[in-house]
Amino acid sequence: MNRLYHESEDWVEQGNCRSYDPEIFFPVSSTGIGRADTEQAIAVCRGCTVRQECLRWALRAGEAHGVWGGTTPEQRRYMRRELVPAGQS
């Protein structure tokens, strides 16, 4: 069981994403229809009241897939590199 998820469960129930098909948040590719899903997911996140909690969780959990807190996996990898000083990863 992922302890990080269960410690933060309250914010999950408040996410805008609860009203959408989860598949848009986990596109099969970053091109074509996958790109359209990614853009739609990011738009859903834009107005979400728990966006920051979602992003914080994804960064702490090292979530490597899907759109979390309005960010793509590539954006989160960049954020993690910026947060961890060189030589300390």
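Which helices each supply at least two residues of the lining of the second largest pocket? H3 and H5 do. Helices here are DSSP runs (H or I, at least four residues), numbered from the N terminus.

The model is predicted: local features need pLDDT of at least 70, side-chain atom pairs count only at pLDDT 80 or more, and totals for chains, interfaces and linings use all residues. Residues are numbered from 1 along each chain as its sequence is written, and side-chain values use heavy atoms, with hydrogens and water left out.

**Pockets**

Pockets come from a 1 Å grid over the protein atoms alone: each is an open set of points where a 1.4 Å probe fits, with protein on both sides within 12 Å along at least five of seven lines. Lining residues have an atom within 4 Å of a point. Volume is the space filled by probe spheres set on the points, which are joined across faces, edges and corners.

| Pocket | Volume | Lining classes |
|---|---|---|
| Largest | about 360 Å³ | 15 nonpolar, three polar, two charged residues |

Ala, Val, Leu, Ile, Met, Phe, Trp, Tyr, Cys and Pro count as nonpolar; Asp, Glu, Lys and Arg as charged; the others, Gly among them, as polar.

The largest pocket has 20 lining residues. Cys17, Arg18, Phe25, Cys54 and Trp68 lie nearest its centre. H2, H3 and H4 are the elements that give two or more residues to this lining.

The second largest pocket is lined by 13 residues. Closest to its centre are Pro27, Ser29, Thr38, Pro73 and Glu74.

**Aromatic pairs**

Rings of Phe, Tyr and Trp (its six-membered ring) pair if their centres lie within 6.5 Å; planes under 30 degrees apart count as stacked, over 60 as edge-to-face and the rest as tilted. The count is three aromatic pairs. Phe26 and Trp68 are edge-to-face, because their planes stand at 80 degrees, with ring centres 6.2 Å apart. This pair links distant parts of the chain, 42 residues apart. Phe26 sits in the loop between H2 (9-12) and H3 (32-46). Trp68 sits in the loop between H4 (51-61) and H5 (73-83).

Burial is set by relative accessible area (buried under 20%, exposed over 50%, partly exposed in between; 1.4 Å probe, protein chains only). Phe26 is partly exposed at 40%. Trp68 is buried at 18%.

Trp57 and Trp68 form a tilted pair, 4.9 Å centre to centre, with 40 degrees between the planes. Trp57 lies in H4 and Trp68 in the loop between H4 and H5, so the pair ties together parts eleven residues apart in sequence. Both residues are buried. Ring pairs link Trp11, Phe26, Trp57 and Trp68 into a cluster.
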